[in-house]
Amino acid sequence: MPIAWIALAELFGTALWFTPNAVIEDLEREWALAAHDLGWLTGAVQVGFLLGTLMIGLSGIADRRDASRLFATCCLVGALSNGLLPWVGGLWPAVALRLITGMALAGIYPVGMKLMVGWAPQRAGLGLSWLVGMLVIGTATPHLLAGLSLGGDWRSALWCASLLALLAGAVIWRLGEAPHLRKMAGKTSHWSGLGAFRIEEFRHAASAYFGHMWELYTLWALIPLLLATALPSLTTTQLALGSFVLIAIGGPGCWLGGWLSLRLGSRRIAQLGLSGSAICCLSYPWLGSMSGLWAALFLALWSLLAVIDSPHFSALSARACPASLVGSALTLQNAIGYAISAASLAWLLPIWTTLGPWVAWLMLPGPMVGLWVLRSRQKGFAHS
């Protein structure tokens with residue numbers, strides 16, 4: 001039962017991630033934004049997440065203190081910073097709030113992974129697959145809220161996301177920390193998370209994750225643009241709902257990957273996802289002649305394959321570390337991964353207007369690096 005509660009809280013808490021992306025047309029109209037300003041709003045969350053994960057990972061607070069309380073506090077901060085967006089009235093105040101939201105998400109996503117591993121240590125791959133699957137659906141949720149046009153006002157979509165984050169914090173506050181981890185709290189020192197990088201298996205699992213992160217969030221940010229290009233006749237509501245479906249399909253994909261990992265192991269599932277998304281990156285620019293429906297189906301497959309591997313990098317990393325380091329190690333891994341994703345977003349989103357579908361080739365090095373790292377450590381991961 002704790003697995004289900006943690007997964008549900010992850011779904012609600014991560015609904016804060018892409019809220020401006022879901023209502024970008026309204027923001028462009030209300031605040032007179034340019035098309036490339038979306039990159040600032042999206043990148044600010046990634047930078048905030050990077051800063052937050054560095055603070056949490058380097059301080060060791062996720063292992064030294066009750067992680068459930070940290071999770072709940074970050075849900076409250078994220079809900080407030082997101083809920084204030086409709087009142088700021090311009091780009092740069094919104095960027096500042098998104099930076100705070102990103103820092104709050106640092107205490108929701110990686111700390112949620114620590115809670116999941118703590119409550120289900122023998123089923124880390126499966127538990128993390130449920131958690132990341134909920135993260136994917138949570139990330140897509142703002143598009144759903146915008147598509148539903150709750151109350152006929154774009155502000156309602158933002159406030160509903162904040163309400164979901166508050167519910168997430170309440171759920172985890174009530175659940176608390178796994179009993180055996182509560183006994184270990186306070187035994188981890190500052191900077192101890194850096195020690196995980198002395199563990200060879202952790203370094204290789206983390207390196208594969210870094211390659212994966214070059215592609216994933218850039219793809220998610222581009223999906224509304226790719227879908228609008230493939231189906232230019234879509235209305236704003238249809239585009240929002242379509243974007244939700246294309247991103248959220250990765251949730252069931254993660255759950256399928258978790259089930260398969262019980263038979264095949266996390267390493268093989270990670271290799272499957274990286275191989276599939278690499279093929280999608282390579283072939284997408286040549287698919288311009290496909291009909292709109294076929295292009296949308298291809299995007300759905302690409303979105304699924306790009307994230308099906310995500311939980312398994314964390315599962316491999318968690319298994320490589322002693323329990324006293326898991327929270328700090330996973331948070332630092334996320335910090336570096338999201339720094340890479342922020343660089344990818346900052347570089348690739350602005351040149352989308354110039355390169356169009358050929359931008360997919362610039363995402364290709366990410367999964368290729370991940371495949372190379374996992375293959376080079378195949379023997380070490382053979383039983384994972």
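Lys-114 is buried, as its relative accessible area is 5%. Buried here means under 20% relative accessible area, exposed means over 50%, and partly exposed lies in between, with a 1.4 Å probe and protein chains only. The structure is a predicted model, in which local features need pLDDT of at least 70 and side-chain atom pairs count only at pLDDT 80 or more, whereas totals for chains, interfaces and linings use all residues. Residues are numbered from 1 along each chain as its sequence is written, and side-chain values use heavy atoms, with hydrogens and water left out.

Lys-114 has a charged partner: it forms a salt bridge with Glu-177, and the closest N and O atoms are 3.6 Å apart. This pair links distant parts of the chain, since Lys-114 belongs to helix 9 (residues 109-119) and Glu-177 to the loop between helix 11 and helix 12 (179-182), 63 residues apart. Glu-177 also counts as buried, at 3% relative accessibility. A salt bridge is a side-chain nitrogen of Lys or Arg within 4 Å of a carboxyl oxygen of Asp or Glu. Helices are DSSP runs of H or I with at least four residues, strands are E runs of at least two, and both are numbered from the N terminus. In general, side chains of opposite charge can pair when their charged atoms come close.

How many salt bridges does a search of the whole structure find? The search finds 2. Glu-30 forms one with Arg-155, where the closest N and O atoms are 3.4 Å apart. Glu-30 lies in helix 3 (residues 24-31) and Arg-155 in helix 11 (residues 154-175), so the pair ties together parts that are 125 residues apart in sequence. Glu-30 is partly exposed at 41% relative accessible area, and Arg-155 is partly exposed at 22%.

The largest nonpolar core has 122 residues, and Trp-17, Phe-71, Tyr-109, Tyr-217, Trp-220 and Trp-302 have the most contacts inside it. Helix 13 (residues 200-230) gives the most to this core, with 16 residues. Such a core is a set of buried Ala, Val, Leu, Ile, Met, Phe, Trp, Tyr and Cys residues joined through side-chain atoms within 4.5 Å. Leaving aside neighbours within four places in sequence, Phe-71 is in contact (heavy atoms within 4.5 Å) with residues including Ala-9, Gly-107, Val-111 and Ile-172.

Helix 14 covers residues 236-248 and includes Thr-236, which is partly exposed at 48% relative accessibility. The buried residues of helix 14 include Leu-239, Phe-244 and Ile-247.
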